[in-house]
Amino acid sequence: MSEENLTDERLITAARQGDNQAFKGLVRRYESRVAATAIGMLGKCPEAEDVGQETFIRFYKSLKRFRGESSVGTYLTRIAINLSLNELRRRKRRSFIFFHKPLEEVYDIANARASNQDVEDRELVQQAIQKLDLKFRSVVVLRLIDGYSTEETAQILNVPVGTVLSRLSRAQKKLKELLTPYYGDMR
Amino acid sequence: MKKRVLQLLYRSFDAELMLEEKQELEAALKMSPQLREERERVIALRESVSAGAAQSFGPFFAERVMRAITSAAEKRNGVETFFASLQLAFRRVALVGAVAILLLLAYNFAKSGYVSVEAAFGMPQETLTEVLESPFNATLEELL
């Protein structure tokens, strides 16, 4: 039977018994979700792929301990978001040492738009997301990009639902401010 | 636009509003064209954000992950094998050493005919008087 037809549980059982093809099947199945999270948080850069790889490596190492209390997707997203937050903190420290201001500010959306008119809208949105503070960025990525419910987002980030709602509201206002000059009134 | 109604509008996308809040928002939407425009803006924004989601890390990502896992496992196995062989070697040396010590003790005890610390080390058992009366025990004057 092809790995695409197997459930997550069966693939995990097979992977625990040393079947690398089964684990590869899980990587293929959840790559898009982990990519959306890591690239959403870090932008399209080599560090995002490093976070993606590390997410799956940690999952592989914890296969024996994984009890399925949360779905595989949520488990992987939690790892990916934590690794991305760690990477962003490292990046912030680096940029403080070398640039004295966050990297996100060094690369400005307006400059990108002016210097290259062919910048795709997708990249523009990604760049706008990169300009959000970490706490706003993580709720935008989980709720609007990964499509988790407000409750799931709260669980993954370990914050109350009310905090997620207020952060989302503020993040949307900020995104609107950032993108309105390029999209007009966003309609 | 009232701040409270705007907050309700934003919240309505992510949470279930209570009945009164829902009615308040619907009434405000009917009354205010700006609020309807704002709702359209938020919908467009959310759509463009979700459409902007990356779908992949590029081709052969799964293969790269598996290679990283395999090479990490090989490295770990190499280190584990080295320490396992080292442990085995030490265990053998310790066993041979322990047997040698036991044999030596047995030989010394058998040779001396009694069991004591001196016998264990193969030393003669002598009293203090015997030592002092020993013919080899020269006095200081004799030595000088």
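The area buried between chain B and chain A comes to about 3,400 Å², with carbon and sulfur atoms giving 67% of that figure, and buried area here is the accessible area, taken with a 1.4 Å probe, that two parts lose on being put together, summed over both. This is a predicted model, in which local features need pLDDT of at least 70 and side-chain atom pairs count only at pLDDT 80 or more, while totals for chains, interfaces and linings use all residues. Residues are numbered from 1 along each chain as its sequence is written, chains are lettered from A and ligands numbered from 1 in the order in which they are written, and side-chain values use heavy atoms, with hydrogens and water left out.

Staying with the interface, chain B brings 32 residues and chain A brings 40 residues to the contact, where contact means heavy atoms within 4.5 Å. Between the two chains there are 5 salt bridges, a salt bridge being a side-chain nitrogen of Lys or Arg within 4 Å of a carboxyl oxygen of Asp or Glu. One of them pairs Arg143(A) with Asp14(B), whose closest N and O atoms are 2.7 Å apart. On the side of chain B that touches chain A, the elements giving two or more residues are α1 (3-12), α3 (33-51) and α4 (61-112) of chain B, and helices in this description are DSSP runs of H or I with at least four residues, strands being runs of E with at least two, numbered from the N terminus. The most comes from α3(B), with 12 residues. By residue type, that side of chain B divides into 17 nonpolar, 6 polar and 9 charged; Ala, Val, Leu, Ile, Met, Phe, Trp, Tyr, Cys and Pro count as nonpolar, Asp, Glu, Lys and Arg as charged, and the others, Gly among them, as polar.

A second salt bridge to look at joins the side chains of Arg28(A) and Glu63(B) at 3.2 Å, N to O, and this pair crosses between chains, from helix α2 of chain A to helix α4 of chain B. Arg28(A) is partly exposed at a relative accessible area of 42%, and Glu63(B) is likewise partly exposed at 26%, given that buried means under 20% relative accessible area, exposed over 50%, and partly exposed in between, with a 1.4 Å probe and protein chains only.

Within chain B, the side chains of Arg41(B) and Glu37(B) meet in a salt bridge at 3.4 Å, both residues lying in helix α3 of chain B, 4 residues apart, about one turn of the helix. Arg41(B) is buried at 18%, whereas Glu37(B) is partly exposed at 33%. Salt bridges that share partners join Lys176(A), Glu37(B), Glu38(B) and Arg41(B) into one network.

Turning to chain A, its secondary structure comes to 10 helices and 0 strands, and 50% of its 187 residues count as buried. Why is helix α7 of chain A described as largely enclosed by the rest of the structure? The reason is that 7 of its 10 residues, in the range 121-130, are buried, among them Leu124(A), Val125(A) and Ile129(A).

Finally, Thr37(A) sits in helix α2 (residues 20-42) of chain A and is buried at 0% relative accessibility. Its side chain makes a polar contact with the side chain of Asp146(A) at 2.6 Å, a polar contact being a pair of N or O atoms within 3.5 Å, where within protein one must be able to donate a hydrogen and the other to accept it, and residues adjacent in sequence count only if both atoms are side-chain atoms.
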